[in-house]
Amino acid sequence: YKPCDCAFMAKLFYDTVHTINAKDYTDEQLNVWARGNVNLEVWNRSFLAHNTLVAEIDGEIVGFADMDHTGYLDKLYVHMDFQRKGIATALVNELERCARRAGICNFSTYASITAKPFFEKLGYIVLAENKVIRNGITLVNYKMDKNG
């Protein structure tokens with residue numbers, strides 16, 4: 001990750017949420033999840049504080065993911081035109097590999113309805129359904145953990 005990547009990553013996040021997640025969430029939910037006005041300074045600080053990986057193909061950012069020092073996977077997004085090509089799997093596997101080298105063996109995330117089956121395939125288990133309320137709109141996601 002380089003700070004100059006942050007604005008493009010914010011756009012990728014917005015575009016991905018509004019296309020890929022549209023099958024599982026209403027327009028109203030998508031609009032409170034990804035408004036298109038990410039605070040780039042806050043995101044940049046978070047990415048710099050975490051292990052943040054960026055996937056590129058021919059110099060174009062096609063995905064990104066970050067994990068903090070506790071094994072919490074915060075963000076994982078893959079460009080809408082590069083879904084189902086192994087990019088998300090490669091990002092998560094590399095984050096977990098790096099965390100294991102640092103002595104972290106337990107991983108957690110909050111997965112969207114859309115991402116839940118992906119994380120289950122990687123060995124994460126659902127601990128609880130979670131409801132997030134943003135501007136009075138409820139979003140469902142899942143608290144998921146993986147040991148190993």
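**Note on the predicted model**

1. Tyr14 counts as partly exposed, at 30% relative accessibility (buried is under 20% relative accessible area, exposed over 50%, partly exposed in between, with a 1.4 Å probe and protein chains only). The model is predicted, so local features need pLDDT of at least 70 and side-chain atom pairs pLDDT 80 or more, while totals for chains, interfaces and linings use all residues. Residues are numbered from 1 along each chain as its sequence is written, and side-chain values use heavy atoms, without hydrogens and water.

2. Tyr14 belongs to helix 1, residues 6–20 (helices, H or I of at least four residues, and strands, E of at least two, are DSSP runs numbered from the N terminus). Beyond residues up to four places away in sequence, Tyr14 touches Ala34, Arg35 and Gly36 (contact means heavy atoms within 4.5 Å). Tyr14 and Arg35 are 21 residues apart along the chain, yet 7.2 Å separates their C-alpha atoms.

3. The rings deserve a look. There are eleven aromatic pairs (ring centres of Phe, Tyr and Trp, the last by its six-membered ring, within 6.5 Å; planes under 30 degrees apart are stacked, over 60 edge-to-face, the rest tilted). Tyr25 and Trp33 make an edge-to-face pair, with 5.1 Å centre to centre and 70 degrees between the planes. Tyr25 is buried at 6% relative accessibility, and Trp33 is also buried, at 16%. Elsewhere, ring pairs join Tyr1, Phe13, Trp43, Phe47, Phe64 and Tyr77 into a cluster.

4. Two lysines sit over tyrosine rings (NZ of Lys or CZ of Arg within 6 Å of the ring centre and within 35 degrees of the ring normal). The charged end of Lys116 is 5.3 Å from the ring centre of Tyr142. For Lys143, which lies over the face of Tyr110, the distance to the ring centre is 5.5 Å.

5. Is Lys75 buried or exposed? Lys75 has a relative accessible area of 12%, which means that Lys75 counts as buried. This lysine is part of strand 3, residues 72–78. With neighbours within four places in sequence left aside, Lys75 contacts Trp43, Ser46, Phe47, Phe64, Ala65 and Asp66. Trp43, Phe47 and Phe64 are also members of the ring cluster in point 3.

6. Two loop residues have backbone angles to check. Asp58 is not a glycine but has a positive phi of about 50 degrees. Asp58 is in the loop between strand 1 (51–57) and strand 2 (60–67), and is exposed at 83% relative accessibility. Asn135 likewise has a positive phi, near 50 degrees. Asn135 is in the loop between strand 5 (125–134) and strand 6 (137–147), and is exposed with a relative accessible area of 61%.

7. The largest nonpolar core has 25 residues (buried Ala, Val, Leu, Ile, Met, Phe, Trp, Tyr and Cys joined through side-chain atoms within 4.5 Å). Leu73, Leu76, Ile87, Leu91, Val92, Phe119 and Tyr124 touch the most other members. At least two residues of this core come from each of strand 1, strand 2, strand 3, helix 4 (87–101), strand 4 (106–112) and strand 6. Helix 4 gives the largest share, six residues.

8. Which residues does Tyr124 contact beyond its neighbours within four places in sequence? Among them are Leu73, Val92 and Phe119, together with Glu96, Phe107, Met144 and Lys146. A second, separate core has 18 residues, including Met9, Ala10, Val32 and Trp43.
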